[in-house]
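Work through these exercises with the model open beside you. Try each task before you read its solution.

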Amino acid sequence: MKTNFLILSIASLTFTTNIVAQSNIAQPELESGTIESQFDYIIEKSSAFKEFQLIRKSSILKVKDNALDSLRGLRKEVISSQKAVPPLQANISALENELQTLKNEVALTAEEKDSISLFGKNIDKASYSTIVWSIIGVLILLLILIAVKLKGSSSTTNRTQKEFEKIENEFDDFRKKSMKKEQEIMRKLQDEINKNG
């Protein structure tokens, strides 16, 4: 037991001397770099005793300060990020509304582009084309019917005119014959009056 106490005392004295000696050494590696690299450094520079690692208190305190500074900085970033979120969400919301408005305008423009106003109503171009060509077809059909009727009327008119001319010629012949007869009757009557008179 005395031996164990003696070994333990010597070890403690050695480690205490080692720690006191190490605490005075400047450690620029702990002033910069990442927290991970600082931990790696103090683990590498620590002394081993059996299964324990002996680390300088000043080193671990320095790393602790650095870690807390990093955490404070990250906390500030998180808080500032959280403060920035509502305006960004409002901005996103406004942009989404604007995008929806633009989509509606594009759809309306496309509809207007693909349609034609007829009698105050928008009709798509295909329907408009069908209506126009139907009207043109009906007008052409009416024109053909009128042309056929006119041709028929023209032939009827020509036939009627020829019959009228024929009747007029017959009437002229009849009139001439009647005048001749009348003149003959008048001459006979005059002859009779002259005879009797």
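This is a predicted model: local features need pLDDT of at least 70, side-chain atom pairs count only at pLDDT 80 or more; totals for chains, interfaces and linings use all residues.

**Exercise 1.** How many salt bridges does a search of the whole structure find? Describe the one formed by Arg72.

*Solution.* 
Step 1. The search finds 2 salt bridges.
Step 2. Arg72 pairs with Asp69, and the closest N and O atoms are 2.6 Å apart.
Step 3. Both residues sit in helix H3, residues 57-113. The spacing is 3 residues, about one turn of the helix.
Step 4. Now the accessibility. Arg72 is at 42%, so it counts as partly exposed. Asp69 is also partly exposed, with a relative accessible area of 46%.

**Exercise 2.** Which residues of helix H2 are buried, and how are they arranged around its axis?

*Solution.* 
Step 1. Helix H2 covers residues 35-45. Its buried residues are Gln38, Tyr41 and Ile42.
Step 2. Look down the axis of H2. The buried residues fall within an arc of 90 degrees, so they line one face of the helix.
Step 3. Turn to the face pointing away from the buried side. It carries the exposed residues Glu36 and Glu44.
Step 4. Compare sequence with space for Tyr41 and Ser59. They are 18 residues apart in sequence. Their C-alpha atoms are 9.5 Å apart.

**Exercise 3.** How do H2 and H3 pack, and which residues meet?

*Solution.* 
Step 1. Two packed helices are described by the angle between their axes and the distance between those axes.
Step 2. For H2 and H3 the angle is about 170 degrees, and the axes are 10 Å apart.
Step 3. Angles over 145 degrees count as roughly antiparallel. H2 and H3 are therefore roughly antiparallel to each other.
Step 4. List the contact. H2 brings Ile35, Gln38, Phe39 and Ile42. H3 brings Ser59, Ile60, Val63, Asn66, Ala67 and Ser70.
Step 5. Sort these residues. There are 6 nonpolar, 4 polar and no charged.
Step 6. Return to the buried side of H2. H3 is included in what covers its buried residues.

**Exercise 4.** Is Asn66 buried or exposed, and what does it contact beyond its sequence neighbours?

*Solution.* 
Step 1. Asn66 is found in helix H3.
Step 2. Its relative accessible area is 13%, so Asn66 is buried.
Step 3. Leave aside neighbours within four places in sequence. Asn66 is then in contact with Leu30, Ile35 and Gln38.

**Exercise 5.** How many helices and strands does the protein chain have, and in what order do they run?

*Solution.* 
Step 1. The protein chain has 4 helices and 4 strands.
Step 2. From the N terminus, the order is α-α-β-β-α-β-β-α.
Step 3. Finish with burial. Of the 197 residues in the protein chain, 9% count as buried.

Notes: Residues are numbered from 1 along each chain as its sequence is written. Side-chain values use heavy atoms; hydrogens and water are left out. A salt bridge is a side-chain nitrogen of Lys or Arg within 4 Å of a carboxyl oxygen of Asp or Glu. Helices (H or I, at least four residues) and strands (E, at least two) are DSSP runs, numbered from the N terminus. Buried means under 20% relative accessible area, exposed over 50%, partly exposed in between (1.4 Å probe, protein chains only). Contact means heavy atoms within 4.5 Å. The arc is that of the directions from the helix axis to the C-beta atoms. Axes are lines fitted to C-alpha atoms, for helices over the stretch in contact, and angles run from 0 to 180 degrees between N-to-C directions. Angles under 35 degrees count as roughly parallel, over 145 as roughly antiparallel, 65 to 115 as roughly perpendicular and the rest as oblique. Ala, Val, Leu, Ile, Met, Phe, Trp, Tyr, Cys and Pro count as nonpolar, Asp, Glu, Lys and Arg as charged, and the others, Gly among them, as polar.
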